Amino acid sequence: LCSIADKSELCSNSSFLNSSVPSYKNFSNIPWLETLNLDGYFSFDDIEHAAKDFGNRYHFQPSAVLYPKSVADISSTIKYIFDMGSTSEITVAARGHGHSVQGQAQAHRGIIINMESLQGTEMRIHMGETPYVDVSGGELWINVLHETGKYGLAPKSWTDYLHLTVGGTLSNAGISGQAFRHGPQINNVYQLEVITEAWYQAGSLSQLQHSVMESIILTGEMDQGIVLRVPKLSNDQEYLISSENSVDYIEGFVIINRTGLLNNWRTSFSPKDPLQASQFISDGRTLYCLEIAKYFNPDESDIMNQKTEELLSELSYIPSTLLMSEVSYVEFLDRVHVSETKLRIKGLWEVPHPWMNLLIPRSKISEFAQEVFGNIRSEGSNGPVLIYPVNKSKWNNRTSLITPAEDIFYIVAFLSSAAPSSTGKDGLQQILTQNQKILDFCSKANLGVKQYLPHYGKQEEWQAHFGTQWEVFVQRKSTYDPYAILAPGQRIFRRK
Ligand code: FAD
């Protein structure tokens, strides 16, 4: 199940955000749930869990959680609610792995559909000239990688972290270091099965079709170089994304005012020149770090090394800061999971995550960097700050993803973690204030910035976000979800 363009609930009223109203705890308050003939079941025990997400800031309790065992379970539930029309206020949110950061997969007093309980559905790999995989929306990308890998195949476009569901990332876009060439994940989908309210209105229940992804031949190993250079990052990145065969993955980081950068870098990386690297001093500086990956088969290692040398000679990094690592393709893609394990052990994974992802037009990236990294964030950051460009000409523009007006734009992701109950600069409130300062600056300087994974409280803000596409979006919503039952956690449309 993937409702892409038609999710959401309008929230211009702050009382909507107040989750103090008690939830129903059993069938007696919503007796019709019991009348549904399901393969799966409803649970009232997990409503607290369903009111949590990775962001750890929004907690809207639902009334019940559906654990579907079939698509029919989902369609029967939505049909029932649709048939009640405006006599009911119940909303429905699909929940993938719950890794949203602002309650997007929550439904206050509504019904949560736990999409992961459909995970058991067999993944079907279709070989042939244009291979693809047919998976459930509740499947985790890590499982897709493992399963397709058995056939020497893999999807082309990824997110940095794979313990997210297919439906969850596709409902946003799914952007990472491969998007400069292959577009976001949503551009690599042949077909989606979507359940919407409107299908019931038209009297036609959904037929399961397959959701598919383009695949690539999986090469054995990859090589990854980290190079650093102030302030030529964008020149190098743009050079790399403009060339067809340069690298397979491009991202970048901003490192602000940190100590001992090279020693603290991922332990799997070795400096090309250990002596010089040990003498490199990063304190008090803002460094831009380019991260690139090249995929290759083990028997191509010599030619690969030669190509890498040639490529590196064209970049303007500080030579002593070159770090390299050779890991398997799976290890590379699943790299964030290693950090997750370490953070969980230290109790630092389930902290508030006031993340902010901005899309900045290429012509404004210097102005943005100067003010944001040089001033607003000059004291440092509370988590990774990613920065990398993509070329929109490679992207399919028929989705509801809103991007800046220019062809090349930068993704700048502030992936902050707040220290629980701190009131200092690593505290939640302080980070939120800084985020707001950045947004205010972008707006005042008229940079034409758009947010990725946005979250707004007022309809005017959503309208400004969608710009000229707002009317089409509203039209689609009223066609496919006329009562605004679905995806209340996005808080764009109010339940009718
Ligand atoms: P959930 O949080 O469960 O749901 C997200 C939204 O999708 C909700 O609105 C929900 O109702 C809807 N939804 C879920 N499943 C379905 C479905 N089957 N049908 C219809 N709607 C559905 N994003 C990137 O683009 N690139 C990255 O590199 C990236 N890295 C990340 C790293 C980490 C550590 C984390 C926590 C997040 C990252 N994200 C990234 C963001 C991530 O893609 C989104 O938060 C995504 O929505 C999470 O997927 P999920 O399965 O947890 O979805």
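**Briefing on the predicted model**

Strand 10 (residues 249–256) pairs with strand 12 in the antiparallel sense, over eight bridges. The structure described here is a predicted model. Its protein chain has 17 helices and 17 strands, and 42% of the 496 residues count as buried. Among contacts in the protein chain between residues at least 6 apart in sequence, 74% join residues at least 24 apart.

**Strand 12 and its pairing**

- Isoleucine 255 has leucine 287, in strand 12, as its bridge partner.
- Strand 12 is mostly covered, with eight of its eleven residues buried.

**Nonpolar cores**

- The largest nonpolar core holds 66 residues, of which Ile360, Leu386, Ile387, Tyr410, Ile411 and Val412 touch the most other members.
- Strand 12 (residues 286–296) supplies the largest share of this core, namely eight residues.
- Domain 2 (124–217) and domain 3 (221–452) each contribute at least three residues to this core.
- Apart from this core lies another, of 34 residues, which includes Phe60, Val65, Ile78 and Ala107.
- Isoleucine 360, leaving aside its neighbours within four places in sequence, is in contact with Ile365, Phe368, Pro404, Phe409, Tyr410, Val412, Leu447 and Val449.

**Surroundings of the ligand**

- There are 36 residues around the ligand, and those that come nearest are Gly96, His99, Gly137, Gly167 and Gly168.
- Strand 3 (92–95) and helix 5 (166–170) are the elements that give two or more residues to this shell.
- By class, the shell around the ligand comprises 19 polar, 13 nonpolar and four charged residues.
- Domain 1 (14–115 + 470–490) and domain 2 (124–217) each provide at least three residues of the shell around the ligand.

**Residues with positive phi**

- Most residues other than glycine have a negative phi.
- Arginine 109, although not a glycine, has a positive phi of about 60°.
- Arginine 109 is found in the loop between strand 3 and strand 4 (111–114).
- Arginine 109 counts as buried because it has 21 C-beta neighbours inside 10 Å, and the cut-off for a buried residue is 20 or more.
- Leucine 453 also is a residue other than glycine with a positive phi, near 55°.
- Leucine 453 has its place in the loop between strand 17 (450–452) and helix 16 (459–466).
- With 15 C-beta neighbours inside 10 Å, leucine 453 therefore counts as partly exposed.

Notes: Residues are numbered from 1 along each chain as its sequence is written. This is a predicted model: local features need pLDDT of at least 70, side-chain atom pairs count only at pLDDT 80 or more; totals for chains, interfaces and linings use all residues. A nonpolar core is a set of buried Ala, Val, Leu, Ile, Met, Phe, Trp, Tyr and Cys residues joined through C-beta atoms within 7 Å. A residue is buried if 20 or more other C-beta atoms lie within 10 Å of its own, exposed if 12 or fewer, and partly exposed in between; C-beta atoms are placed from the backbone. Helices (H or I, at least four residues) and strands (E, at least two) are DSSP runs, numbered from the N terminus. Domain bounds come from an automatic or database domain assignment. Two residues are in contact if their C-beta atoms, placed from the backbone, lie within 7 Å. Two strands pair if DSSP finds at least two bridges between them. A residue is near a molecule or strand if its C-beta atom, placed from the backbone, lies within 6 Å of it. Ala, Val, Leu, Ile, Met, Phe, Trp, Tyr, Cys and Pro count as nonpolar, Asp, Glu, Lys and Arg as charged, and the others, Gly among them, as polar.
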